[in-house]
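Subject: Structure handover

Hi,

Here is the structure I promised to pass on. Have a look at it first, and then read my notes below.

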Amino acid sequence: MKKYDVAIAGGGVIGGAIALELARAGLRVAVFDRQKPGQEASWASAGIISPAPENPWMIATVELAKRSAALYPEFVALVEEISGQRTGYRRKGTLEALFSRDAKAELSTIIALHHGLGLKAEPLAAEDARELEPALSDEIEAAVLRPEEASIDNRLLTAAVFEAAQRSRAEIFPASSVKGIWRDGARCRGLLLENEKVASQWIVIAAGCFSGSLEGVSVYAPVKPAKGQMIALRADDLPMERVLWSEKIYLVPRNDGRILAGATVEYVGFDKRVTAGGIERNLAGAIELAPRLKDARIEETWAGLRPDSADHLPILGPTDLDGLVMATGHFRSGILLTPVTARLIREWITEQKVSLDWERFSPLRFQNEAARIAKT
Ligand SMILES: Cc1cc2nc3c(=O)[nH]c(=O)nc-3n(C[C@H](O)[C@H](O)[C@H](O)COP(=O)(O)OP(=O)(O)OC[C@H]3O[C@@H](n4cnc5c(N)ncnc54)[C@H](O)[C@@H]3O)c2cc1C
């Protein structure tokens with residue numbers, strides 16, 4: 001029987017980064033993925049690294065997100081150095097364009113919200129925004145510049161993370177489907193694969209939106225897939241430095257000249273088909289924000305499945321089974337939250353304490369909620 005200090009179910013960027021951290025801490029680590037690692041959400045993502053909350057429920061993740069964004073430069077440096085590969089990290093800021101007639105009032109609310117959360121944000125007049133980003137529409141009324149935000153090529157990052165993990169002696173097992181956890185009373189002893197058991201002192205579940213399908217795990221990780229459709233465009237002579245946002249769309253320039261436009265959020269089960277409606281929505285939003293994109297070539301379309309939890313917050317930390325730890329439910333922020341997730345899981349496994357309050361993200365919160373509902 002294979003024996004490890006840590007067995008990780010799921011080889012997305014989260015599982016890979018945790019493997020890298022723990023292998024570097026000297027532990028014997030293995031990652032099991034049912035396919036080649038890094039082919040699901042971590043491949044499909046847009047790779048925006050923005051701790052600014054897109055909606056009210058994300059306010060609960062801002063401290064976690066700020067810590068992760070702050071860890072990014074050293075995380076990227078480490079991954080690139082060990083792997084010998086580039087990740088396409090771009091710390092060029094993001095710019096959110098406002099179209100509404102009430103843009104001035106909206107602008108001061110947004111700026112106040114950001115400053116209240118300790119996030120850097122500057123108000124910009126429409127003409128100043130267009131000077132920075134000439135691709136922007138003439139119709140915008142104002143903009144918010146978040147100068148410290150970044151983006152990364154998540155496909156390159158994930159590949160580099162796995163290369164770095166392997167070079168740090170983590171063992172990676174592709175085509176190794178995990179059926180569930182190997183439970184013995186109140187202890188988790190390892191993972192159950194199709195035809196074998198893997199023994200491990202610690203077991204980390206990082207199977208993205210598939211985590212809840214593993215036997216014995218759904219109670220801790222009630223996650224569901226939130227489909228996102230994306231388009232990659234290529235436009236000649238259309239400079240774009242920063243990630244651009246509007247209410248309808250984001251545009252993410254890559255180092256290779258592509259501009260990604262996305263993304264839809266659809267609850268349609270485990271369906272990754274690209275649809276006419278999804279493309280229409282993305283193209284309409286992209287062309288409204290940067291009208292010259294109407295002449296761009298469409299280079300690629302795809303869809304991926306974000307791991308969304310019942311309260312849209314990540315699911316991180318120990319469970320009530322000895323040895324079993326969750327690292328999933330990162331929904332729309334898994335790339336952003338990769339460095340902090342890997343750091344916290346490593347701290348828990350090696351020291352049984354963490355450097356940031358993660359109680360809010362406990363995998364046990366769903367049981368508490370179920371117990372509360374049962375009592376009332
Ligand atoms: C369109 C889109 C845009 C996004 N944009 C952003 C963004 O701009 N910024 C951001 O921070 N986040 C973004 N996200 C979210 C982010 O991509 C995810 O939160 C993150 O990639 C989740 O990583 P993961 O490793 O948990 O899951 P995944 O990458 O989905 O990996 C899960 C892995 O588990 C494996 N697996 C599944 N079942 C089993 C099994 N039974 N046995 C073994 N292995 C199994 C899968 O094969 C897969 O490799 C976006 C997501 C999408 C889809």
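A polar side-chain atom of Asp-33 sits 2.5 Å from an oxygen atom of the ligand. The protein covers 98% of the 1000 Å² of accessible area that the ligand has on its own (Shrake-Rupley method, 1.4 Å probe; for residues, only the protein chains shown count as cover).

Before I go on, a word on the model: it is predicted, so local features need pLDDT of at least 70 and side-chain atom pairs count only at pLDDT 80 or more, while totals for chains, interfaces and linings use all residues. Residues are numbered from 1 along each chain as its sequence is written, and side-chain values use heavy atoms, with hydrogens and water left out.

Back to the ligand. There are 39 residues around it, and Asp-33, Gln-35, Ser-42, Val-178 and Leu-336 come nearest (near means that a heavy atom of the residue lies within 4 Å). By class, this shell has 19 nonpolar, 15 polar and 5 charged residues (Ala, Val, Leu, Ile, Met, Phe, Trp, Tyr, Cys and Pro count as nonpolar, Asp, Glu, Lys and Arg as charged, and the others, Gly among them, as polar). Strand 16 gives the most to the shell, with 4 residues (helices are DSSP runs of H or I with at least four residues, strands are runs of E with at least two, and both are numbered from the N terminus).

Next, the empty spaces. Rolling a probe the size of a water molecule over the atoms shows where empty space is left. How many cavities of 30 Å³ or more does a search of the whole structure find? The search finds 2. The terms rest on a 1 Å grid over the protein atoms alone: in a cavity a 1.4 Å probe fits but cannot get out, a pocket is an open set of points with protein on both sides within 12 Å along at least five of seven lines, and lining residues have an atom within 4 Å of a point. Points are joined across faces, edges and corners, and a volume is the space filled by probe spheres set on them.

- The largest cavity has a volume of about 60 Å³, and its lining includes Trp-57, His-330, Phe-331 and Leu-337. That lining has 6 nonpolar, 5 polar and 1 charged residues.
- The second largest cavity has a volume of about 30 Å³. Among its lining residues are Arg-90, Lys-92, Glu-241 and Arg-242, and by class the lining has 3 nonpolar, 2 polar and 4 charged residues.
- The second largest pocket has a volume of about 650 Å³. Of its 29 lining residues, Glu-54, Glu-96, Trp-245, Ser-246 and Glu-247 are the closest to its centre. Helix 4 gives the most to this lining, with 4 residues, and the classes come to 14 nonpolar, 6 polar and 9 charged.

Phe-331 is in the loop between strand 18 (324-328) and helix 8, and its phi is near 45°, a positive value in a residue other than glycine. Phe-331 is buried, with a relative accessible area of 8% (buried means under 20%, exposed over 50%, partly exposed in between, with a 1.4 Å probe and protein chains only). The other is His-330, whose side chain makes a polar contact of 3.0 Å with that of Thr-341 (a pair of N or O atoms within 3.5 Å; within protein, one must be able to donate a hydrogen and the other to accept it, and residues adjacent in sequence count only if both atoms are side-chain atoms). Thr-341 lies in helix 8 (residues 338-351), and its side chain also reaches the backbone oxygen of Leu-337 at 2.7 Å. Thr-341 is buried, at 1% relative accessible area.

Most residues other than glycine have a negative phi, and most peptide bonds are trans. Asp-237 has a positive phi, near 55°; its place is in the loop between strand 12 and strand 13 (243-245), and at 68% relative accessibility it counts as exposed. A cis peptide bond joins Gly-262 and Ala-263, with omega about -10°. Ala-263 lies in the loop between strand 15 and helix 7.

Cheers
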